[in-house]
Amino acid sequence: QVEMTESGGGLVQAGDSLRLSCAATEATRDFGTVGWFRQVPGKERESVAAITKDGSKTKYSDSVKGRFTISRDNAKNTVYLQMNSLKQEDTAIYYCAARPGPLTLVSILFTFWGQGTQVTVSS
């Protein structure tokens, strides 16, 4: 069974840092791409970052570029999202997802999704 579990969310202040983790099964790890996405209630889902199977290539949305870093440790079946200089507008539920294909930030192309972890950045 393909399973992905996010963790590391919480309440922080603007300017703080937070690292999210996405623990995946071996089957999910073997997929070509893993991405991070976020959603605020009442708003459309937003792409954040994605990474290739071997971690050699990444892609970021303009809103987080320079502040967030996606990485993966395949030995631990885990993908990370390091979030620095957090802003109030980063508040959202963050999801990790996987797809058996090449690098992309198009969320509807991702097949397997976690249940999300809440990130709240106070002003």
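1. Arg72 is buried (under 20% relative accessible area, with a 1.4 Å probe and protein chains only), yet Arg72 has no salt bridge. A salt bridge here requires a side-chain nitrogen of Lys or Arg within 4 Å of a carboxyl oxygen of Asp or Glu. Asp54, the nearest side chain of opposite charge, is 7.1 Å away; Lys and Arg count as positive and Asp and Glu as negative, while His and the chain ends are not counted.

2. The side chains of Arg72 and Asn74 make a polar contact at 2.9 Å, and a polar atom of the Arg72 side chain lies 3.3 Å from the backbone oxygen of Lys53. A polar contact is a pair of N or O atoms within 3.5 Å; within protein, one must be able to donate a hydrogen and the other to accept it, and residues adjacent in sequence count only if both atoms are side-chain atoms.

3. On the basis of these values: this is a predicted model, in which local features need pLDDT of at least 70 and side-chain atom pairs count only at pLDDT 80 or more, whereas totals for chains, interfaces and linings use all residues. Residues are numbered from 1 along each chain as its sequence is written, and side-chain values use heavy atoms, with hydrogens and water left out.

4. Arg72 is found in strand E7, strands being DSSP runs of at least two residues, numbered from the N terminus. E7 (68-73) is an edge strand, as is E1 (4-7), of an open antiparallel sheet of 4 strands in the order E1-E3-E8-E7. Pairing requires that DSSP find at least two bridges between two strands. E1 and E3 are joined in the antiparallel sense by 4 bridges, and Ser7 stands opposite Ser21 in E3.

5. The structure holds 1 disulfide, defined as a pair of cysteine sulfur atoms within 2.5 Å. Cys22 and Cys96 form this link, with their sulfur atoms 2.0 Å apart. The pair connects distant parts of the chain, 74 residues apart: Cys22 in strand E3 (residues 18-24) and Cys96 in strand E9 (residues 92-99). Both cysteines are buried, and the link is right-handed, with 65 degrees about the S-S bond.

6. Strand E4 (residues 33-39) is largely enclosed by the rest of the structure, because 6 of its 7 residues are buried. E4 pairs antiparallel with strand E5 (residues 46-52) over 6 bridges and with E9 over 7 bridges. Thr33 has Thr52 as its bridge partner in E5 and stands opposite Arg99 in E9.

How values were computed. Buried means under 20% relative accessible area, exposed over 50%, partly exposed in between (1.4 Å probe, protein chains only).
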